[in-house]
Amino acid sequence: SIKAPLVGTFYRSPKPGSPVFIEEGDIIKLGEVVCIIEAMKIFNEIEADISGKVDKILIKDGTPVEYGQALITVIPI
């Protein structure tokens, strides 16, 4: 799974009304931006640390996350 590298608020798109970075079922590559975590008004792009198929997005948009919390499960290809 892709885990939160910091505490903050999870966002699926770069800004309100924009398309989301990824959907369940998408194929992602190592280093691809999959979400944003906002911490202290800084928007941190979170990159995939694994390539594969997005199995499940575990966090709802706008939800607070903790350090190390699983955000997205990925099936390696």
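The side chains of R12 and E23 meet in a salt bridge, with 3.3 Å from N to O, where a salt bridge is a side-chain nitrogen of Lys or Arg within 4 Å of a carboxyl oxygen of Asp or Glu. The pair links distant parts of the chain, since R12 and E23 both lie in the loop between strand 2 and strand 3 (27-28) and are 11 residues apart. By this rule the count comes to one salt bridge. E23 is partly exposed, with a relative accessible area of 42%; buried means under 20%, exposed over 50% and partly exposed in between, with a 1.4 Å probe and protein chains only.

This is a predicted model, in which local features need pLDDT of at least 70 and side-chain atom pairs count only at pLDDT 80 or more, while totals for chains, interfaces and linings use all residues. Residues are numbered from 1 along each chain as its sequence is written, and side-chain values use heavy atoms, with hydrogens and water left out.

Strands here are DSSP runs of E with at least two residues, numbered from the N terminus, and two strands pair if DSSP finds at least two bridges between them.

| Strand pair | Sense | Bridges |
|---|---|---|
| Strand 2 (residues 8-11) and strand 7 (residues 64-65) | antiparallel | two |
| Strand 2 and strand 4 | antiparallel | three |
| Strand 1 and strand 8 | antiparallel | two |

T9 stands opposite P64 in strand 7 and opposite E38 in strand 4. In strand 8, A70 is the bridge partner of K3.

The largest nonpolar core has 17 residues, of which I2, I28, V34, L71 and I72 touch the most other members; such a core is a set of buried Ala, Val, Leu, Ile, Met, Phe, Trp, Tyr and Cys residues joined through side-chain atoms within 4.5 Å. Strand 4 (33-39), strand 6 (52-57) and strand 8 (70-76) are the elements that give two or more residues to this core. Not counting residues up to four places away in sequence, the contacts of L71 include I2, F10, C35, I37, I57 and V65, contact meaning heavy atoms within 4.5 Å.

Terms used. Helices (H or I, at least four residues) and strands (E, at least two) are DSSP runs, numbered from the N terminus.
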